[in-house]
Amino acid sequence: MTQPPQFPDFVLFGRTEPRAILPVVDHYAGSEKTILRALLLQQKMSSESGAALFDVTCDCEDGAKTGMEAAHATMCANLVVSAENRFGRVGIRIHDVSHPHWQADLQIALEIAGKELAFITLPKARAAANVAQQIGLLRQLEASLDLQRAIPVHVLIETHGALREVWQIATLAGVESLDFGLMDFVSDHQGAIPAAAMQSPGQFSHPLIVRAKCEVAAAAHAAGITPTHNVSTELENTDVILNDAHRARQEFAFMRMWSIHPNQIPPILAAMRPDLSEIHAAADILAEAQASGWGPIRHQGRLHDRASYRYYWNLLCLARITGIVLAEEIRQLFWHDADQK
């Protein structure tokens with residue numbers, strides 16, 4: 001549905017449809033048991049608008065036993081099309097481009113679940129050409145299977161080569177997320193970076209890790225796609241997980257983060273959510289802006305124009321995707337038509 005001229009996405013960005021924002025948690029699961037558990041939790045934690053608060057990624061790379069790759073990919077794809085996938089927010093990570101089974105992973109995934117896959121994740125690329133090669137086969141399979149859609153691609157940045165060409169990777173057609181792979185990135189330095197940099201506080205202070213995270217986030221934002229932060233190795237202490245996610249969001253501008261255990265999902269959501277006071281300010285400012293025809297306004301003694309309107313509109317969109325219940329008047333003012341789709 002085309003939005004009316006007053007709709008913020010149209011006024012502020014020229015978009016005729018609301019911008020798609022990825023859920024702020026990407027939860028990885030590698031076995032049938034853990035994937036099913038994640039899908040059940042996804043249902044229990046859905047937002048007040050009925051949307052998924054986190055994505056689920058079925059892992060064919062680390063999840064598959066050697067020699068069982070085809071069976072594992074088939075299991076993952078069948079779960080994508082199962083009744084347990086209520087929201088259509090389930091993706092699959094295939095093997096990397098050097099693995100002999102990556103093409104078969106892709107073939108199986110698309111033949112079984114091509115119409116339902118939320119995304120395909122590509123690991124361990126060593127150059128933009130590797131990513132382009134895998135995307136090329138993905139597009140060929142989509143055409144041959146007459147899927148009539150281009151499945152979004154998430155790319156793991158976890159090697160020297162991928163980091164060197166991260167700006168090129170970010171602009172490849174179809175890429176919607178750059179995911180930083182901390183542990184593989186540290187391992188790729190062959191002992192030059194200490195193991196302490198694989199966890200906090202080292203992951204936020206070691207110069208080479210800080211540089212890598214900044215490059216990934218900057219390249220993603222410049223290309224208009226989502227930067228996704230690496231997982232926290234802490235599984236039980238939610239304060240540590242919360243702090244990791246908070247630093248990823250506030251200090252490094254990551255808009256999404258991996259989880260590998262259900263315990264990690266709530267604290268990551270909490271850290272990624274906007275502050276409630278800022279949400280209320282955003283709603284007031286945008287309501288005044290809309291009432292004044294989107295010209296400059298004075299709000300509580302400060303000037304606001306379309307630059308700040310864009311910031312506050314993005315903030316409200318983020319609030320919504322993270323499950324914050326917005327006041328009815330805000331929803332009616334800005335999302336009424338979008339919610340009728």
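Predicted model: local features only at pLDDT ≥ 70, side-chain atom pairs only at ≥ 80, totals over all residues.

Colleague: Is Gln190 buried or exposed?

Modeller: A residue counts as exposed when its relative accessible area is over 50%. The relative accessible area of Gln190 is 75%, so Gln190 is exposed.

Colleague: Which residue is joined to Pro201 by a cis peptide bond?

Modeller: Pro201 has its place in the loop between H8 and H9. The omega of the bond in question is about 5°. The residue joined to Pro201 by this cis peptide bond is Ser200.

Colleague: Which residues does Ala196 touch, not counting residues up to four places away in sequence?

Modeller: Ala196 also has its place in the loop between H8 and H9. Its relative accessible area is 45%, and Ala196 is therefore partly exposed. With residues up to four places away in sequence not counted, Ala196 touches Gly202 and Gln203.

Colleague: What distance separates the C-alpha atoms of Ala196 and Ser177?

Modeller: Along the chain, Ala196 and Ser177 are 19 residues apart.

Colleague: Let us turn to H9. Which residues is Ala219 in contact with, leaving aside its neighbours within four places in sequence?

Modeller: Ala219 lies in helix H9. At 1% relative accessibility, Ala219 counts as buried, because the cut-off for a buried residue is under 20%. Leaving aside neighbours within four places in sequence, the contacts of Ala219 are with Val166, Trp167, Ala170 and Leu178.

Colleague: How is Ser259 placed, buried or exposed?

Modeller: Ser259 is found in strand E8, residues 256-259. Not counting residues up to four places away in sequence, Ser259 touches Val25, Asp26, His27, Tyr28, Val231, Gln264, Ile265 and Ile268. Its relative accessibility is 0%, so Ser259 counts as buried.

Colleague: What is the phi of Ala253?

Modeller: Ala253 has its place in the loop between helix H10 (238-250) and E8. With a relative accessible area of 29%, Ala253 is partly exposed. Although Ala253 is not a glycine, its phi is positive, at about 65°.

Colleague: Now the helix packing. Are H2 and H3 roughly parallel or roughly antiparallel to each other?

Modeller: Helix H2 (residues 32-44) and helix H3 (residues 69-80) have axes 11 Å apart and pack at an angle of about 15°. Angles under 35 degrees count as roughly parallel. H2 and H3 are therefore roughly parallel.

Colleague: How many nonpolar residues has the contact of H2 with H3?

Modeller: On the H2 side, Glu32, Ile35, Leu36 and Leu39 take part, and they meet Met75, Cys76 and Leu79 in H3. By class, this contact has no polar residues and one charged residue; the nonpolar residues are six.

Colleague: What is the handedness of the crossing of H3 and H4?

Modeller: H3 and helix H4 (residues 102-113) pack at an angle of about 30°, with their axes 9 Å apart. That angle makes H3 roughly parallel to H4. The crossing is right-handed.

Colleague: How many charged residues has the contact of H3 with H4?

Modeller: In H3, Glu69, Ala70, Ala73, Thr74, Ala77, Asn78 and Val80 meet Asp105, Ile108, Ala109, Ile112 and Ala113 in H4. By class, the contact has eight nonpolar and two polar residues, and the charged residues are two.

Colleague: Finally, what is the radius of gyration of the chain?

Modeller: The chain has 15 helices and 10 strands. For 341 residues the globule rule gives 20 Å, and the chain comes close to this value, so it is as compact as a globular protein of that length. Of the 341 residues, 52% count as buried. The radius of gyration is 20 Å.

Notes
Residues numbered from 1 in each chain as written. Heavy atoms only, no water. Axes fitted to C-alpha atoms, helices over the stretch in contact; angles between N-to-C directions. Helix = DSSP H or I, 4+ residues; strand = E, 2+ residues; numbered from the N terminus. Parallel < 35°, antiparallel > 145°, perpendicular 65-115°, else oblique. Contact = heavy atoms within 4.5 Å. Nonpolar A, V, L, I, M, F, W, Y, C, P; charged D, E, K, R; others polar. Rg over C-alpha atoms; globule rule 2.2 N^0.38 Å. Buried < 20%, exposed > 50% of the residue type's maximum accessible area, 1.4 Å probe, protein only. Left-handed = near helix turned anticlockwise from the far one by under 90°.
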